[in-house]
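Visitor: Could you walk me through this structure, one feature at a time?
Guide: Gladly; let us look at the picture together.

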Amino acid sequence: MPDFRHDRARRGAARTASRRAALVGLGCLVLSACTGSQPSRELGFAMPPRYLEAAPAPSNIGPHWWRAYRRPELSRLVEKALADNLDIAAAVARIRQAEAQILTSRAALLPTLNGGASGSRSRSGFSGSESSSFSTTLSTTYVLDLFGRNRALLEGVQATAQATRVDKDYVALIASATVATTYFQLITAQDRVAIAERSAATAERVLRAIRARTAAGTTSDLEVAQQEALAAGLRAAIPGLRTQITSARNALAVLTGTVPQDFAAGGGSIAALALPVIRPGLPSDLLLRRPDVKEAEIRLAALDANIVAARAAFYPSISLTGQGGFQSNALAILFRPDSALYSLAGSLTQPIFDPGTLRGNLELQRGLFDEALQVYRKAVLTALSDVSNALEATRRTSEQVRFQTQATMAARRAFSIVDGRLREGVVDIVTLLNTQTTLFNSEDALVQARYARAQASVALFQALGGGWTPETPLTEVTPAGEPALRPTP
């Protein structure tokens, strides 16, 4: 037999591992009951009091965070994905499986009742007498759960079912974030096609002007060939960008559970996208808000219940059985009082010598619990890292957009000057070629920078656990310092 006093002392603290991770560490931070410098025993490290990348502020994330971008087409796609996405449907099926297991485990806490009826007729020899026998019975069996083994197993299954529900929330979060990112890819690729087509048209116009000068004898065939190469190169970029549009549209079809051939998505421009201001709140919010962290914590509780059940297997098992009914040789007198019968019995089973099965199972459950504890700790660390990375990316991509906007405005001014000189017939062809190339590259880079900023915004929503507070108004802003620059006609 194991040393249950030592076992009880060891498991007493572990049984509250998941709860104390949220209550001790979170309570100290939120209620300021402690400094936060001491790590909680469950996490193994101290939760930071704030994000270094963001000023302290209450979180303002709403339950429908994708609506903060104020794009009706994006909202339509996300909400369709939440209704028809196949990964979410599979997660819902896993919830039904877990709920069925709850019914199975709960049945072990209740008595079973079975009924039966039988009849027979027999003859002894060819000329012997015949005899009949009829009986009806009800039998019941009940296992007393004195030491809580079946109750612990039920708690473990219930925790697992709760984890599958949270897993469905996590799958939905991933799906909605992927839809948003893919939609931004779609409108970004559309913007890049528009820029390439506009730049190619401009290059064709310049080519015609150079050819006119060649006919007048003021330029050479070399300058014509150089401009032709530039125009053709701009046209060559368009097919690949159109392929990206098709790929993004097909990806959205799959995410929304639609046949790609029957799917249509509205367009738009990444330049017209207004980004919301996102306040992340406290790092400790992640313990209760991130679905993957919540799931890891719940699975930890499920394994803790399995340890209780494995420990209870060392104790005796007491079973009660009973049977009652009627039996007679004639059907007419089957239900008379003198045909009644009953029996009651009880049994006790106690492991006396076990070669290691019970101890091995107990140590297995302890090992699984310790593994899940490390998974939980890693989930918390990963969540903190995700938020920090997303906050940093949001800030840096905003800077990138601001600087690239300035570069694009300067490139447009330079091309305007060179274009005017071309009309006057005093431009240098090398300067003209370089200016056209710089303008195209600057506009294309600006579109990609805007996409990176939008992607970082979605990543921050995802890192914070999506929407989980009552929806509050979100202010749409253009990052400070970025001029209102739109594609030129």
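Visitor: How many helices and strands does the protein chain have?
Guide: The general idea is that helices (H or I, at least four residues) and strands (E, at least two) are DSSP runs, numbered from the N terminus. Here the protein chain has 10 helices and 6 strands. Please keep in mind that this is a predicted model, where local features need pLDDT of at least 70, side-chain atom pairs count only at pLDDT 80 or more, and totals for chains, interfaces and linings use all residues. Residues are numbered from 1 along each chain as its sequence is written, and side-chain values use heavy atoms, with hydrogens and water left out.

Visitor: What share of the residues in the protein chain is buried?
Guide: Buried means under 20% relative accessible area, exposed over 50%, and partly exposed in between (1.4 Å probe, protein chains only). Of the 489 residues in the protein chain, 43% are buried. As for the surface, the protein chain exposes about 25,100 Å², and carbon and sulfur atoms supply 57% of that area. Accessible areas come from the Shrake-Rupley method with a 1.4 Å probe; for residues, only the protein chains shown count as cover.

Visitor: What percentage of the contacts with a separation of 6 or more comes from residues 24 or more positions apart?
Guide: Contact means heavy atoms within 4.5 Å. In this protein chain, the figure is 83%.

Visitor: At what angle do α5 and α6 pack?
Guide: Axes are lines fitted to C-alpha atoms, for helices over the stretch in contact, and angles run from 0 to 180 degrees between N-to-C directions. Helix α5 (residues 149–215) meets helix α6 (residues 221–255) at about 165 degrees, and their axes are 8 Å apart. That makes α5 roughly antiparallel to α6. Angles under 35 degrees count as roughly parallel, over 145 as roughly antiparallel, 65 to 115 as roughly perpendicular and the rest as oblique.

Visitor: Which residue classes make up the contact of α5 with α6?
Guide: There are 22 nonpolar, 7 polar and 10 charged residues in it. For these classes, Ala, Val, Leu, Ile, Met, Phe, Trp, Tyr, Cys and Pro count as nonpolar, Asp, Glu, Lys and Arg as charged, and the others, Gly among them, as polar.

Visitor: How far apart are the axes of α5 and α8?
Guide: The axes of α5 and helix α8 (residues 291–312) are 8 Å apart, at an angle of about 165 degrees. That makes α5 roughly antiparallel to α8. Their contact has 15 nonpolar, 5 polar and 8 charged residues.

Visitor: Is α6 roughly parallel or antiparallel to α10?
Guide: Helix α10 (residues 429–463) packs with α6 at about 5 degrees, their axes 10 Å apart. That makes α6 roughly parallel to α10. The contact is made by E223, Q226, Q227, L230 and L234 of α6 together with I429, L433, Q436, T437 and F440 of α10.

Visitor: Where is Q365 found?
Guide: Q365 is in helix α9 (residues 357–424) and is buried, with a relative accessible area of 11%. Beyond its neighbours within four places in sequence, Q365 is in contact with L303, N306, I307 and A310. The C-alpha atoms of Q365 and A310 are 7.4 Å apart, although 55 residues separate them along the chain. L362 also has its place in helix α9, and L362 is buried at 1% relative accessibility.

Visitor: Which loop holds R70?
Guide: R70 lies in the loop between α2 (17–30) and α3 (72–84). R70 is not a glycine, yet has a positive phi of about 55 degrees. With a relative accessible area of 43%, R70 is partly exposed.
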